[in-house]
Amino acid sequence: PPIKPTYIDKEILQKTLTKYEINPLVNFLYSNYNSENVDNVVQKYKVGTAKWNGGSTIFWQTDNLGKVRSGKVMAYDASTGKRIKTPEGKPKINWVHKLNNNNNFSLKQCLFGLHLLSDQTKRIAIVESEKTALIMSIEFPQYTWMSTGSLQGFKYDYLTPLKEKDITAFPDKGAYNKWKETADVLNNKGFNIEVSKLLETKEYEDGWDLVDMMNYENKK
């Protein structure tokens, strides 16, 4: 049987929409973009702050019905905007329900940014990284940007609410074939997904996303 998700009270989410002075990713955005644009995107995506790891960023996963599935907590370097990793090289990631010691929590994830879906939603663009979705929303606001949160997140369960929409997916360099294979299957089921090959260029390194590409091109 399908997993019945546990939801988080919206009041918990609301309480995290503060203390941006200790939020490393938000500080990075302020140092690189117009403050009004940053304020707008932080408010739009309801980016939260956690005290974990001395100050971290919460990416709340709120579905298209407005229900809060959970919040992914990630540690960033405020000066570089890059994820902080453990000595083993893994990104430091936690979850709000774990920090709240909710041991009976049933996590059923959704796209980051799915709460922005409405009848009036413009063309949807999908990337892997939550940070990239925020930055691209500032750079190219004509799209509604959403994030899978992982390479494996580009799948039917996550994409189902978008079935009636026009979607462009921007997989990280090296992930094109995997996402294209998924898109072909879903397009046969009535989806309208175009998978971009923008990053599949020899001069780009494996694992790069749209933000890495922009930074590289700007330095040329």
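Five salt bridges are present in the structure, a salt bridge being a side-chain nitrogen of Lys or Arg within 4 Å of a carboxyl oxygen of Asp or Glu. The model is predicted, so local features need pLDDT of at least 70 and side-chain atom pairs count only at pLDDT 80 or more, while totals for chains, interfaces and linings use all residues. Residues are numbered from 1 along each chain as its sequence is written, and side-chain values use heavy atoms, with hydrogens and water left out.

One of these salt bridges joins D63 and R69, whose closest N and O atoms are 3.0 Å apart. D63 is buried, at 2% relative accessible area, and R69 is buried at 12%; buried means under 20%, exposed over 50%, and partly exposed in between (1.4 Å probe, protein chains only).

Another salt bridge pairs K72 with E130, with 2.8 Å between the closest N and O atoms. Because K72 lies in strand 3 and E130 in helix 5 (residues 130-139), this pair ties together parts that are 58 residues apart in sequence. Helices (H or I, at least four residues) and strands (E, at least two) are DSSP runs, numbered from the N terminus. Both K72 and E130 are buried.

R123 and E194 also form a salt bridge, at 3.4 Å from N to O. R123 is partly exposed, with a relative accessible area of 31%, and E194 is partly exposed at 48%.

Strand 5 (residues 124-127) pairs with strand 7 (residues 166-169) in the parallel sense over three bridges; pairing requires at least two DSSP bridges between two strands. Here I124 has I167 as its bridge partner. Strand 7 is joined in parallel to strand 8 (residues 192-195) by four bridges, and there I167 is partnered by I193.
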